[in-house]
Amino acid sequence: MTTSDGFDIRTHSWPLDRVHGLRPLGDALHLGRTAGPEGNSIAWLDTETTGLAGGTGTYVFLIGIAAAGDGCVCLTQYFLRDLGAEPDMLELVGDHLRRFDALVTFNGTRFDLPLLQTRFLLCRMRADIEAESHLDVMNLARRLWYRRLGGYSMALLEQMILKVERFIDVPGWVIPSLYVQFLHTGDFDVLEPVFAHNAQDILSLVALHGLAGELLAQPDRTPVLVDWFGLGRLLDVRGKVEAAAGCYRVALEDERDPSVRRRAATALARHYRLTGQPEQLLDLWDHEAHTGIVPGWLALERLAMVWEWELHDPRRALAYTDHAIASINGDGDHCCARLLHRRERLLRKATTRSLRGPEGAEAISASEEIASLRSR
Amino acid sequence: MTLLQLLDRLQSDPRLSSRIAAWKTIPARPANSSPFPDAVNRDLVRALHHRGIESLYTHQAEAFSAVHAGEHIVVVTPTASGKTLCYNLPVLNRILEEPDARALYLFPTKALSADQVDELQQLVKALNADIKTFTYDGDTPASARRAIRAAGHVVVTNPDMLHTAILPHHTKWLRLFENLRYVIIDELHQYRGVFGSHVANVIRRLSRICRFYGSDPQFICTSATIGNPKEHAQRLIGRPVTLVDRTGAPAGEKVIAFINPPVVNRELGIRADTLMEVRDLASELIRNQIPTITFGRSRLAAELLTTYLKDLATHHGRDPETVRGYRAGYLPSERRAIERGLREGEIRAVAATNALELGIDIGQLSAAILAGYPGTIASTWQQMGRAGRTSELAAAFLVATSDPLDQYLMTHPEYFFDQSPEHALINPDNTLVLTSHLKCAVFELPVDHDEPYGASVQAEIMRHLQSQQIVHDDGRRWHYVADRFPAEEISLRSASTENVVIIDETDPKPQVVGEVDLASAPALVHEHAIYMHLSQQYHVERLDWEQRKAYVKRVEVDYYTDAEIAVGIDVLSEDAGARGPFPRAHGDVVVTYRPTIFKKLKLFTQENVGWGQITLPETTMHTTGAWWVLPEVIARPAGPKQSPTWSNDRLQGALAALSHALHNIAPLYLMCDPNDLGRVHEIRSPHTGRPTIYLYERAPGGVGLAERLFRFHDELVKAAIDLVSNCGCEWGCPSCVGPVLEVGSSGKADCLTILSSVIASPEMSRPSSRGPEGRGDLLANEIASSLRSSQ
Ligand SMILES: [Zn+2]
């Protein structure tokens with residue numbers, strides 16, 4: 001530990017074969033790269049503060065920064081012993097952070113980074129912390145586990161996903177008062193659990209980051225429970241559309257929440273449409289119409305859309321539209337107008353088509369073919 | 001018929017002229033123009049020409065030059081005299097010269113800011129320059145906030161947002177604070193009493209933040225006519241201020257008339273109904289399409305007037321849509337439409353509450369009718385100022401109610417015409433207010449040991465905060481270390497900002513039609529009330545108090561409802577008491593507002609056609625109060641043995657007079673607004689068992705006014721004697737013990753007897769216990785200065 005005027009610097013290192021969560025730290029470092037962020041050298045960052053509300057009156061009194069070192073993960077903790085020494089400490093923290101070009105945090109977007117930015121400004125230092133390449137693992141965690149666990153706090157994720165246990169720990173909300181107690185009494189001992197808490201948070205952050213990367217790299221071999229729809233969405237935005245579609249399909253196997261099911265089905269339908277798989281589309285909505293979780297009229301409406309736009313068969317589309325209108329009860333009232341509008345258009349299309357002859361006939365025969373294929 | 005002919009008829013027709021209690025003519029005032037000062041940017045001059053402004057009024061030029069010379073100013077000019085140009089001109093001029101410059105506009109209400117932003121944006125459009133103006137308030141979407149922080153040249157907001165959202169996050173507003181050149185405080189007179197004391201501290205905090213970022217903005221304030229604009233501005237912003245109050249705007253001749261409705265029942269002294277009188281007065285105005293505004297003292301009055309005026313319009317063959325209501329509780333879009341309609345002349349008459357008293361631009365109207373005295377001389381002038389044309393004749397009428405105060409004015413019109421408007425008083429160094437804001441200040445930036453903040457004793461307060469572990473002293477500076485967000489715990493306004501939403505369930509798809517503030521809800525939207533909105537009647541089906549929702553259905557009935565609210569006071573604990581000739585105490589009290597019954601009154605005739613019980617929880621407010629028990633000699637209850645005694649009526653009058661006198665004098669000692677205090681008197685108080693008068697604080701929790709009333713008792717009594725005995729009235733007037741109709745013919749004399757008996761007693765009362773040590777000198781200075789300013 002280094003002690004300067006008014007602040008301390010503590011370092012600690014963990015060997016790469018130290019297992020935290022499911023994998024050794026070395027694997028987590030490696031696996032995490034799939035999840036991001038962009039950059040060559042990553043720092044994992046977590047802070048402890050005098051308050052949780054944010055704003056200019058919240059001090060960051062402990063800043064933990066971890067990085068991959070020589071055969072280890074090295075943690076550096078900057079501790080503000082004297083509030084007056086904040087500018088001096090932040091200067092060193094700024095230097096330290098400049099050695100990296102990417103940050104990983106848990107809830108850093110909303111909490112740690114704006115707060116640090118504020119502290120730098122208040123100490124009259126310009127630091128574009130918020131502009132740096134940054135991955136907030138909490139955003140991933142929300143998608144991956146919120147609906148499974150009913151929350152996504154670090155404590156919950158440690159307990160349910162990483163399966164790590166904290167032996168000595170203080171709850172986060174107690175930390176500000178411990179620091180104030182230290183300022184008041186000078187009793188350093190009360191803060192030992194806070195240092196441990198911060199170190200533990202960073203270990204779990206590295207592990208979660210690794211796990212998120214692993215899920216994104218190998219969605220077909222997930223080692224933990226996961227919200228398939230959420231994983232699908234994460235893969236989708238990363239351009240891994242096939243893997244995403246796979247996740248949506250798994251999600252639809254047992255999803256019983258109508259709105260999530262509807263979103264998963266819609267996402268999967270989009271994939272089928274973009275990849276030109278009308279049969280799959282018909283199967284999908286047909287299945288939804290029969291499963292009965294998504295409103296029946298909705299699935300029928302989607303079937304009508306497929307017939308109208310993908311298969312160019314207004315007559316069949318019309319039949320599904322009528323069917324959809326007939327099955328509206330209560331919840332779809334506001335969509336009724338939309339369906340009626342569709343019906344009118346289809347009626348027009350159906351009549352012009354039959355007048356036009358060959359082209360229409362051809363289209364119909366194409367769809368007949370699929371229809372007969374499906375009836376087999 | 002023209003307005004002139006109408007006024008002539010009013011004076012010559014004996015049936016009408018007998019109602020006139022006062023008639024004053026204010027002569028026309030010519031325009032006083034001035035060329036654009038040289039320092040005004042040529043592009044700006046061109047843009048103003050484009051908007052039809054060829055030269056400035058003298059007060060606008062004077063304001064510009066003073067600001068250009070680096071002074072802080074307060075501009076006091078009548079409604080519609082082009083006061084917004086007094087600040088828009090220097091602000092735009094500066095931004096044109098210095099594109100990074102920023103300005104902060106503070107308005108007390110949202111309605112007002114929307115209006116002024118509109119005007120500013122029109123000017124910017126004519127300028128064709130890249131000047132961005134943004135409104136930052138509770139309605140600003142989160143997505144827009146970042147852009148406003150970084151790029152807004154002019155940020156329009158209110159003191160509450162500055163207090164809770166901007167100052168505590170000032171690092172996000174770096175660009176604003178680094179380049180802040182002007183702070184505009186519009187409607188300065190609104191910031192008085194406890195509210196003003198809070199705002200003064202928000203401005204102190206703003207100044208600290210500016211110092212931190214190296215900026216030192218100039219303040220440009222505008223105010224309606226008050227008794228002490230310059231001094232008030234100086235206290236509010238803590239800087240010397242130049243007063244600009246000679247208006248150069250022209251005004252046509254204006255008649256001001258007091259109208260007293262005739263007595264209809266001589267035995268009971270009942271006068272004709274004020275609203276019906278207003279209706280009769282408005283009839284010819286509406287028939288002749290003379291642009292007219294009527295002011296009601298309550299929403300109910302405003303809505304009834306809307307109904308009556310619409311009816312008149314129909315009766316005279318005019319489109320009833322040219323008559324509209326205007327009051328708080330209308331949706332913003334509705335209000336905007338009404339304001340536009342008024343400006344553009346599609347709306348010819350409007351029935352308003354004091355929501356329109358503010359500087360909202362509605363163009364020029366020819367006639368204003370006030371249904372009842374608004375309570376202060378200043379707001380009466382403001383409402384009357386709504387009528388005023390640049391060249392033609394205008395008229396303003398005050399139609400009295402049978403309230404004692406109104407009747408006093410009818411018999412003593414000189415009380416109104418000769419007296420200067422009320423002073424705005426604030427006390428930014430009120431210990432509780434100061435402590436609250438020091439908490440916020442230290443949250444925003446550490447406070448140096450020797451940093452000046454306001455005038456006073458911050459070290460003492462900081463040590464107190466330190467003992468509560470809210471701040472930490474590092475030897476040079478205090479740092480905020482508590483984990484709560486202090487600004488959220490401190491409300492600048494005592495009135496709750498919560499609303500009850502009114503939902504119309506007539507149609508299958510329920511629709512929000514408006515809202516009422518929480519305090520008024522029990523009286524306006526209790527079950528079975530007839531709620532009127534845009535002169536449509538709604539029957540309140542149910543009021544979900546927990547959810548703050550009232551469900552209504554459209555109806556058409558021939559009655560309206562009027563609720564009665566009983567105000568009561570209970571003492572929770574006595575912090576200190578004093579015996580002596582005039583026993584007194586202060587402590588925690590709870591003030592209770594209990595809706596009791598509502599009456600159904602027939603439209604147009606006010607005939608009582610039924611009533612009902614209101615079953616709603618009473619609303620209570622914990623606050624602090626001071627109370628006085630009537631001296632034993634006088635307060636002996638009426639009985640056969642003890643004499644001489646006062647009858648209950650006489651006692652009632654004496655108590656009213658005494659409470660009125662103390663209420664009149666107290667604001668000068670407390671540097672607060674009369675509205676910061678409420679008064680109650682009881683012939684037999686459950687707490688003291690004797691005739692008792694109470695003054696209580698209107699701000700929930702109180703800010704220490706009651707305790708100071710208790711401590712300054714001796715001075716207070718002396719000043720009250722002074723006030724009452726030197727008042728020129730015979731039987732009592734609003735300035736001393738209250739109007740004679742309220743206190744009775746013996747009220748003034750009895751009040752003096754009581755007060756003098758207290759003073760005559762050999763030992764002026766001594767407190768039996770004391771709170772924390774008072775800061776004698778400071779308070780004495782404060783009082784001295786407040787008395788000076790009130791002369
Ligand atoms: Zn008097």
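This is a predicted model: local features need pLDDT of at least 70, side-chain atom pairs count only at pLDDT 80 or more; totals for chains, interfaces and linings use all residues.
Good morning. A polar contact is a pair of N or O atoms within 3.5 Å; within protein, one must be able to donate a hydrogen and the other to accept it. With that criterion, eight residue pairs, both members at pLDDT 80 or more, are in polar contact between chain B and chain A.

Let me remain with the interface. Chain B contributes 21 residues to the contact, and chain A contributes 23. About 1,900 Å² is buried between the two chains, and carbon and sulfur atoms give 56% of that area. Which three residues supply more of the area that chain B buries against chain A than any other three? They are B:T171, B:F212 and B:D483, which supply 29% of it.

How many salt bridges does the rule find across the interface of chain B and chain A? The number is zero. On the side of chain B that touches chain A, helix 9 (174-178), helix 18 (431-444) and strand 21 (477-480) of chain B each supply at least two residues. By residue class, that side of chain B divides into 11 nonpolar, six polar and four charged residues.

I turn now to chain A. Here seven strands form an open sheet of mixed pairing, in the order 1-2-7-6-5-8-9. The edges are strand 1 (2-3) and strand 9 (133-136) of chain A, each of which pairs on one side only. Within the sheet, strand 2 (residues 7-15) and strand 7 (residues 72-80) of chain A run antiparallel and are joined by nine bridges. One position can be followed on the screen: A:R10 has A:Q77, in strand 7 of chain A, as its bridge partner.

Two helices of chain A deserve mention. Helix 2 (residues 86-97) of chain A packs on the sheet and touches strands 2, 5, 6, 7 and 8 of chain A, its direction making about 160° with that of strand 7. Helix 6 (residues 175-185) of chain A lies across strands 5, 6 and 7 of chain A and runs at about 55° to strand 7.

Finally, chain B. Strand 22 (residues 499-504) of chain B pairs with strand 23 (residues 511-517) of chain B in the antiparallel sense, over six bridges. These two strands of chain B form a hairpin with six residues between them, and B:D504 stands opposite B:Q511 of strand 23. Strand 22 of chain B also pairs with strand 26 (residues 549-555) of chain B, in the parallel sense and over four bridges. In that pairing, B:I502 stands opposite B:A550.

Thank you for your attention.

Key
Residues are numbered from 1 along each chain as its sequence is written. Chains are lettered from A and ligands numbered from 1 in the order in which they are written. Side-chain values use heavy atoms; hydrogens and water are left out. Two strands pair if DSSP finds at least two bridges between them. Contact means heavy atoms within 4.5 Å. Axes are lines fitted to C-alpha atoms, for helices over the stretch in contact, and angles run from 0 to 180 degrees between N-to-C directions. Buried area is the accessible area (1.4 Å probe) that two parts lose on being put together, summed over both. A salt bridge is a side-chain nitrogen of Lys or Arg within 4 Å of a carboxyl oxygen of Asp or Glu. A polar contact is a pair of N or O atoms within 3.5 Å; within protein, one must be able to donate a hydrogen and the other to accept it, and residues adjacent in sequence count only if both atoms are side-chain atoms. Ala, Val, Leu, Ile, Met, Phe, Trp, Tyr, Cys and Pro count as nonpolar, Asp, Glu, Lys and Arg as charged, and the others, Gly among them, as polar.
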